[in-house]
Amino acid sequence: MEITIKGKVKLGELEAGKLFMYNGTIALKSEYRTEKGAVEAYIVGSGEMFWGGTSTPKEQVELEVIELGTVGF
């Protein structure tokens, strides 16, 4: 499988099920949100919820991430 870079997008606007990268961390966006509105996205490798250094759901949703795509999968 080959990973491609598609471009920047706000985390809240990224389609569910997509991989993304932020500061060298690769994560996967789920279709779910927390009760307070944070995107439930999980870091590949550790399974921890992705916050990208933010403190609030509003900051997390507005975070600009790099959408990744796959080729040959």
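**View 1. Tyr 22 at the partly exposed end of the accessibility classes.** Tyr 22 has 21% relative accessibility, so this residue counts as partly exposed (buried is under 20% relative accessible area, exposed over 50%, partly exposed in between; 1.4 Å probe, protein chains only). The model is predicted: local features need pLDDT of at least 70, side-chain atom pairs count only at pLDDT 80 or more, and totals for chains, interfaces and linings use all residues. Numbering runs from 1 along each chain as its sequence is written, and side-chain values use heavy atoms, without hydrogens and water.

**View 2. The pair of Phe 20 and Phe 50.** The structure holds two aromatic pairs (ring centres of Phe, Tyr or Trp, the last by its six-membered ring, within 6.5 Å; planes under 30 degrees apart are stacked, over 60 edge-to-face, the rest tilted). In one, Phe 20 and Phe 50 have ring centres 5.0 Å apart and planes at 80°, so the pair is edge-to-face. Phe 20 sits in strand S2 (residues 19-22) and Phe 50 in the loop between strand S4 (39-43) and helix H1 (57-62), so parts 30 residues apart in sequence are tied together (DSSP runs numbered from the N terminus: helices H or I, at least four residues; strands E, at least two). Phe 20 is buried at 0%. Phe 50 is buried at 2%.

**View 3. The pair of Tyr 22 and Phe 50.** This pair is edge-to-face, 6.0 Å centre to centre, with 80° between the planes. Tyr 22 in strand S2 and Phe 50 in the S4–H1 loop are 28 residues apart. Phe 20, Tyr 22 and Phe 50 form one aromatic cluster.
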